[in-house]
Amino acid sequence: MLLVTPTKIRTLQRKLYTKAKQEPAYRFYALYDKIYREDVLYHAWCLVRANKGSPGVDGISFEAIEHVIGLDKFLLELVHDLKEKTYRAQPVRRVMIPKADGSLRPLGIPTIRDRVAQMAVKLVIEPIFEADFCPNSYGFRPKKSAHDAVDDIANALWAGYTQVIDADLTKYFDSIPHAKLMAVVAERIVDGEILALIKQWLKAPVIGNDENGKRKVLGGGKANRKGTPQGGVISPLLANCYLHILDRIWQRHQLKGKLKAQLVRYADDFVVLCRKDVETPMLVVKQVLERLGLTLNESKTHIVDATQSSFNFLGFSIRMSQGRRTGKPYPHVCPSAKSAKKIKDKLTQMTGRNQTTLPLEIMIRNINLSLRGWTNYFHYQNSSQVFEKVKVHAEQRLRKHLMKRHKIKDRKIGEGRFPSVDLYKRYGLFKVPGKAGWRSVHA
C-alpha cells in the first residue's frame, strides 16, 4: 500500500519544486531545519518501515524500535541529534547479493536510524532536483516507471530510431567521484549542514565479513573518494543527480535533433536510439562519461540494429517485428529470456523435493507471491507467449510436487489426479494471465 504524503509536507515540497522550477539558477540555503521537523521524520520512518529491509551493523530491527526502544523515544533522540548537530552516521553493513551470472553484487545496508535520516533529507531536497531532471530520465523518480521508459523506447523505434547503443556502465554506484558529485549537488543546495550530512553518508565505513568470515572494515571511511552504497535511501537520488549531467548535455545541445539520436535513461541503465549514424553519438557518450570519471563496460555495451535483432532493457527484450496479419513493422516488447528463466528457476526451487516438509498452504502462498510480483511487472506489451510458458511451468512444477507428496510416480496418473483446473480451484495457485498486457490497455 502506498503511503500518502501528509498535507504539510506536500505543501513544503510543492513550494520547493515551484521555486526551483521558476528559478533554475537559484541555490537553496535554508533547508536543514526542515529535516528534523517531527512530522518529516515520522513520515520518513513510515516510508522506511514500509520498505522493510534488515537491520544495519547495530543489529537494531524495526520490531526492536517499536516494542523495545519505543518509536517516540527513537524519533525524539534523532530529532535532538539532528537539531543539536551531534548526529553521526554509523557504518554501513555490506551484504553480497548473488547475480544471475554467478558473480556477487555488494549491497550496503545503513542502520535504520541512518535510513530514516536519509529519507528525511530526500523528502526535502528531491523536489528541488525533480524540477531540473529531464523528461528522458525515468529511474527512481516520482510518478515515473520502467514501463514509461520502455514506452519511450518503443515510440522512438516507431519513429525510425532503430540503431541502438545498448550501454552498460562499469560499477556505476562504486565509481561516482565524491568531489564531482558534491559539486553537482551544490549547484542547487548550498546549505552547509545538508551537504555535511550527505558527506557523512558517502564517507561512512563499510563493514562486512572477509574470506574467513571475520568481521572487518572493507571500505569507505574518510579516505574514500568514490562510490555511494547501493542500499542507502539517498543513493538513488544522488546517482540520478550525477548522471543528470549526461541528460542535460543531450537536451541543452539539442543532440536529439542534431545527431538524430534519442537518449532514454533509467538510473544507470540507458540506451541511445539513433536513426543512422551511431559512431558520433557513441563518441559523445564516451566523452561525457570520461569527464564524469565514469567508463563504459566495453564487453557489455553493444550496438544493435533493432530491425534485425533484439536488445534487453530493464528485464524486457525489445526489437522491431512484423505483424502476422498486416506485415507492418511494430516494436515487440516481451519479458527477456533471462527474466523468464529467473522466475522459472525460482519456481523450480520453491517446489523442490526439500520443500515437502513445508505445509502446502505456505508453499503455495510463497509461489503466488513470486508469480504475482513477476506478473505485475511483466504483464505488459507483447507478453502472451512468454506468459503461457511460465504458466505451464508453474502448473507442471506444482503437479510434480504434489505427486511427490502423495508418492505418485506415474506421470499420467498424476495428471489425472491433479488436473490444471484443480491446481487453481482446489489448491489456490495464482493463474498467470494468458493475454498480453497491451490487449487490456487498448481495450
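Let's start with a sheet. Strands E6, E7, E3 and E8 form an open sheet of 4 strands, in the order E6-E7-E3-E8, with antiparallel pairing. Keep in mind that this is a predicted model.

Which strands stand at the edges of that sheet? They are E6, residues 261-266, and E8, residues 302-305. Each has a single partner strand, so one side of E6 and one side of E8 have no neighbour in the sheet. From one strand to the next, the twist averages 20 degrees.

Look at the E6 end. E6 pairs with E7, residues 269-274, in the antiparallel sense, over 6 bridges. For a landmark, take Leu263: its bridge partner in E7 is Val272.

Next, the other open sheet.

How many bridges link E10 to E11? There are 7, and the two strands pair in the antiparallel sense. At Gln322, the residue opposite is Pro329 in E11.

Now to E4 and E5. E4 covers residues 206-209 and E5 covers residues 215-219; the two run antiparallel, joined by 4 bridges. Gly208 is opposite Lys216 in E5. Asn209 is opposite Arg215 in E5.

What do E4 and E5 form together? A hairpin, with 5 residues between the strands. Check Gly213 in the turn: its phi is positive, at about 80 degrees.

E4 has another partner. E1, residues 92-98, pairs with E4 in the parallel sense, over 2 bridges. Here Arg93 stands opposite Ile207 in E4. So much for the strands.

On to the helices. The axes of H3 and H6 come within 8 Å, and they cross at roughly 120 degrees. That angle makes H3 oblique to H6. What is the hand of the crossing where H3 passes H6, left or right? It is right-handed.

Then take H3 with H5, residues 71-83. Their axes come within 10 Å and cross at roughly 125 degrees. H3 and H5 are therefore oblique to each other. H3 passes H5 in a right-handed crossing.

Last topic: empty space. Rolling a probe the size of a water molecule over the atoms shows where such space is left. How many cavities of 30 Å³ or more does a search of the whole structure find? The search finds 1. The space in the largest cavity comes to about 90 Å³.

Who lines it? The lining of the largest cavity has 14 residues, and the closest to its centre are Val92, Pro110, Gln118, Trp201 and Pro229. By type, the lining divides into 8 nonpolar residues, 5 polar and 1 charged.

Which helices each supply at least two residues of that lining? H6, residues 112-130, and H10, residues 192-203.

To recap, then. There is an open sheet of 4 strands, E6-E7-E3-E8. Finally, the largest cavity holds about 90 Å³, with H6 and H10 each giving at least two residues to the lining.

How values were computed: Residues are numbered from 1 along each chain as its sequence is written. This is a predicted model: local features need pLDDT of at least 70, side-chain atom pairs count only at pLDDT 80 or more; totals for chains, interfaces and linings use all residues. Side-chain values use heavy atoms; hydrogens and water are left out. On a 1 Å grid over the protein atoms alone, a cavity is a set of points where a 1.4 Å probe fits but cannot get out, and a pocket is an open set with protein on both sides within 12 Å along at least five of seven lines; lining residues have an atom within 4 Å of a point. Grid points are joined across faces, edges and corners, and a volume is the space filled by probe spheres set on the points. Ala, Val, Leu, Ile, Met, Phe, Trp, Tyr, Cys and Pro count as nonpolar, Asp, Glu, Lys and Arg as charged, and the others, Gly among them, as polar. Two strands pair if DSSP finds at least two bridges between them. Axes are lines fitted to C-alpha atoms, for helices over the stretch in contact, and angles run from 0 to 180 degrees between N-to-C directions. Angles under 35 degrees count as roughly parallel, over 145 as roughly antiparallel, 65 to 115 as roughly perpendicular and the rest as oblique. A crossing is left-handed if the near helix is turned anticlockwise from the far one by less than a right angle, and right-handed if clockwise.
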